[in-house]
Amino acid sequence: MKWFSLNLFFLTLAGNWTVAPLGPVLVTGESVKKPLPATTPGGIAVFDYNNDGRLDLFFPNGGALPAGPKAPNTLLRNDGNFQFSDVTVEAGLTGRHYDLGAAAADYNKDGHPDLLTLGLRGLALYRNQGNGKFTDATATSKLDNQGRWSVAAAWFDMENDNDLDLFVVNYVQWNPATEQVCLVAGKPDFCHPRHYAPEPNALFRNNGDGTFTDVSIPSGIAAHKGKGMSVAAADFDADGLTDLYVTNDRTFAFYFRNLGQGKFEECAFDRGIAVPQDGNPVSGMGVSAEDYDNDGRPDLVYTALRDETFPLYRNLGKEFEETTGKSRLAPLSRAMAGWGIAFADLDNDGWKDILAARSDALSATGGNGAKAKEPPGWFRNQGNGTFALGDGWAKLEPAMFRGLVVADLNADGCLDVVLSVLQSTPRLLRSPCQGAGNWLSIDVRELGARVRIGNQTRWVSSATGYASSYLGPLHFGLGAAKQVEVEVTWPDGRSKRIATETNRAIQLKP
């Protein structure tokens, strides 16, 4: 089987960041009729599919609307030193749906990461055979999303029974036969989400034998209909169970607190994270859950559209405090529209920054198309609860950015950034890694595990940003530290502590 090698040519930006196109064009199916699905693709999955120690890249793709043909998905094998080979056909991952998102995890515990794709008319589960090839296991796994429009997903162990369960984020009901014509500034454009009926999300329990059972109704998940865009999975209340936070498009967000024994309660209003302080639901897009203030609790940030800001919530333990204003993120992001988002320490100073893939939800060829494209955003954590714009990214050419995943793709100790772009090729932002602090890469490989280094805490989760997934080592920026103590706590309660020098990658097992 032949594959294609990609030789990347990087262009230098201000701040010595460099950018290169990655190859596959993201086909949306946008036409003069402006079908709604065309504004929503762009997920990314970053994971080591062949266990060679290098993180590979997967890009789901759309196609013509309303009914195809499909544009093939793309799997790029990382060959080292920013060289990639297109191995999609060989791997069996070209796909069969109009795909928007992806989620990677080893759902059957055989040591090989598997892949789920989320799409307009269905989802697909691909089992990794361990020989560079994947098998479509959707039917045999009994995963059935009932034809609903799914955008994102989170693999997690809801009952701590050592099996990965699956939460699927569903958006709205869309019928091309009844699609309306909506005008913006006198020209056809994508319709507002208020024109579409909401859908419930879905929860599937892993039976431990390669099959799943739909437990959306008995778990309490199906009782809440929304217009879901993405999900963050973390133990927000430190009770030992993984909870779920779902962003909704122009409706209140959901916080599904895990009660144990397969039951969840929706309590976003009680925790102060259903809606920003002004009480108006925003266009919730991508979401990230990390500890930005280094107090040991996972916080939340998500993207929204222009004039809505990017809401930021500090976790106080039993509830959240919105800090969008006092963190300075409100004035910095008010004029921006965003999709993918991530907490990530780009300068290795020990404080997690915020990165955002930006662009409007409206069409680049519509009535407001002149301002639809935007450069990505870097909000640098000042270490005092506030953020400031980072250097260099504003010089990147504006585009219709969607997905965003952060990863150290060349193992130099600095984080690179992968972005998807509507109707164009993805972009790879390569870190200059100049003047950055020390670092440590911790490969734990078990979703739900907690890793602490000093006052920094991170949790292993594969769901990230908008419709995207990262399954790889946890990156810690450590400033001037030359030796640190690492503590890992696995979901079953086992823990391990080691002392290690910095500027290295290590793998820890129970």
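Mentor: Leaving aside neighbours within four places in sequence, Leu 116 is in contact (heavy atoms within 4.5 Å) with several residues, among them Gly 101, Leu 123, Leu 143, Trp 155 and Leu 166. This is a predicted model, in which local features need pLDDT of at least 70, side-chain atom pairs count only at pLDDT 80 or more, and totals for chains, interfaces and linings use all residues. Residues are numbered from 1 along each chain as its sequence is written, and side-chain values use heavy atoms, with hydrogens and water left out.

Trainee: What makes Cys 182 and Cys 191 a disulfide?

Mentor: A disulfide is a pair of cysteine sulfur atoms within 2.5 Å. The S to S value for Cys 182 and Cys 191 is 2.0 Å, and a disulfide therefore joins them.

Trainee: Why is this disulfide of Cys 182 and Cys 191 called right-handed?

Mentor: The torsion about its S-S bond is about 100 degrees, so the disulfide is right-handed.

Trainee: A second disulfide joins Cys 414 to Cys 433. How do you know whether Cys 414 is buried or exposed?

Mentor: Buried means under 20% relative accessible area, exposed over 50%, and partly exposed in between (1.4 Å probe, protein chains only). Cys 414 has a relative accessible area of 1%, so Cys 414 is buried.

Trainee: What is the term for Cys 267, and why?

Mentor: Cys 267 counts as buried because its relative accessibility is 4%.
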